[in-house]
Amino acid sequence: MTSDVAVEARNAIKAFGQGDMTVRALDNVSVQIRKGEFFTLLGPSGCGKTTLLRLIAGFETPTSGQILLDGRDITNDPPNRRPVNTVFQSYALFPHLTVAQNIAFGLEMLGRPKAEVTATVTRMLGLVKLEAMAARKTSQLSGGQQQRVALARALAPQPKVLLLDEPLSALDLKLRKEMQIELKRLQMETGITFIFVTHDQEEALTMSDRIGVMSAGRIQQIGAPRDIYTRPVNRFVASFIGETNFLPGHVVPEGVRLSSGDVVETGDTGNVTGPVTLTVRPEQVRLAPEGETGTLPATVKSWVYFGTDTHCHLALSDGTEVIARLQSPANGATDLAEGQKVGLRFAPGAAQLLGD
């Protein structure tokens, strides 16, 4: 039976330094990445995501553990013996060569026939929509165009896996958003497994089939973007993926009693006892008139207008802050006033329980 796993890390450890100065960049990481999926390693700087990418590429060797590709152990294979290509943040293009020559370079180094090289370059130019730029030097291109050339060059040899190390970070915001769409299109059209490294949560949520959230050399959670966002497994994941509210409390028969004394119904709390934290996304907070049945009493502290929505900062009776993300009215005005007393409730199922 053929496995659907493209890349697997088994108990991968990567340590740098010796003795008391030893630092584990990767701490017993195991993950399976499926064939043909867009998988993103997401986390802050220094969390180990690029180190894991380098182990897959062959630029680093694990201190212990294994890296497998299509079920074959490639842990000690050099980079040129792996059917894997990498797109770096710097693109690493040859400025003295044309776009077409840059794309052809890797194929020529592999000794591919000239007719095959020509046909592949033509196909790649069409794939990244740069047919009209084929004869230009890469130094004459914009940042977004250079990024497309780097992608085309990496895709030309038809690798089984394409590794992308924060390739969009040097682009401005508008172009970065455009390239997010382009990257996903390229992945779907080619069917190649993409492993993408980023610290940008929006990039991860926008493009990924699955996300592996990393912190301190470990994978904290793996799942589809919607699952990661709506069902975080711990406080780190909840805080790193989007904005959220953290509300301390204790489990009681009715649900969770917050530090303000208010009780929030959370459904079955299982065997959880003692102090807990509720996490609620700001867009799941609803405002109501003061004293309305089933609401928590709160006071408006301030609000910030963001165009499409308005962030309202509120305080519960004990001062615990809650942020509500409200859709802005068409005229941009708000009927909220500082010090105003309101009621707030959470959308059904929105309050998630996190153990302290």
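## Helix α1

A residue is called buried when its relative accessible area is under 20%. In this predicted model, seven of the nine residues of helix α1 (residues 49-57) are buried, so the helix is largely enclosed by the rest of the structure. The residues concerned are Lys49, Thr51, Leu52, Leu53, Leu55, Ile56 and Ala57. Just after α1, glycine 58 has a positive phi of about 95°.

Glutamate 60 makes a salt bridge with lysine 14, with 3.7 Å between the closest N and O atoms. Lysine 14 is buried, at a relative accessible area of 10%.

## Aromatic pairs

There are five aromatic pairs in the structure. One of them is formed by phenylalanine 38 and phenylalanine 194, which are tilted, with 5.6 Å centre to centre and 50° between the planes. This pair links distant parts of the chain: phenylalanine 38 is in strand β3 (residues 38-42) and phenylalanine 194 in strand β8 (residues 193-198), 156 residues apart. Phenylalanine 38 has 0% relative accessibility and therefore counts as buried; phenylalanine 194 is also buried, at 0%.

Phenylalanine 236 and phenylalanine 240 have ring centres 5.6 Å apart and planes at 15°, so this pair is stacked. Both belong to helix α8 (residues 235-240), where being four residues apart separates them by about one helical turn. Phenylalanine 236 is partly exposed, with a relative accessible area of 24%, whereas phenylalanine 240 is buried at 16%. Elsewhere, ring pairs join Phe38, Phe194 and Phe196 into a cluster.

The charged end of arginine 235 sits over the ring of phenylalanine 246, 4.0 Å from the ring centre. Arginine 281 lies over the face of tyrosine 229, with 4.0 Å to the ring centre.

Phenylalanine 246 stands opposite threonine 279 in β14. Strand β11 (residues 245-252) runs antiparallel to strand β14 (residues 275-280), and six bridges join the two. Strand β11 also pairs with strand β12 (residues 255-258) in the antiparallel sense, over four bridges. In that pairing, histidine 250 stands opposite arginine 257 in β12. The hairpin that joins β11 to β12 passes through two residues.

## Other salt bridges

The structure holds 20 salt bridges. One of them is between glutamate 116 and arginine 112, whose closest N and O atoms are 3.2 Å apart. Glutamate 116 is partly exposed at 33% relative accessibility, and arginine 112 is partly exposed at 31%.

Glutamate 203 and arginine 176 meet through their side chains in a salt bridge of 3.9 Å, N to O. The pair links distant parts of the chain, with glutamate 203 in helix α6 (residues 201-207) and arginine 176 in helix α5 (residues 173-190), 27 residues apart. Glutamate 203 and arginine 176 are both buried. Salt bridges with shared partners also join Arg148, Glu182, Arg185 and Glu189 into one network.

## Arginine 148

Arginine 148, a member of that network, lies in helix α4 (residues 143-155). Arginine 148 has 19% relative accessibility and so counts as buried. Apart from neighbours within four places in sequence, arginine 148 is in contact with Val128, Lys129, Leu130, Met179 and Glu182.

Notes. Residues are numbered from 1 along each chain as its sequence is written. This is a predicted model: local features need pLDDT of at least 70, side-chain atom pairs count only at pLDDT 80 or more; totals for chains, interfaces and linings use all residues. Side-chain values use heavy atoms; hydrogens and water are left out. Buried means under 20% relative accessible area, exposed over 50%, partly exposed in between (1.4 Å probe, protein chains only). Rings of Phe, Tyr and Trp (its six-membered ring) pair if their centres lie within 6.5 Å; planes under 30 degrees apart count as stacked, over 60 as edge-to-face and the rest as tilted. A charge sits over a ring if NZ of Lys or CZ of Arg is within 6 Å of the ring centre and within 35 degrees of the ring normal. Contact means heavy atoms within 4.5 Å. Two strands pair if DSSP finds at least two bridges between them. A salt bridge is a side-chain nitrogen of Lys or Arg within 4 Å of a carboxyl oxygen of Asp or Glu.
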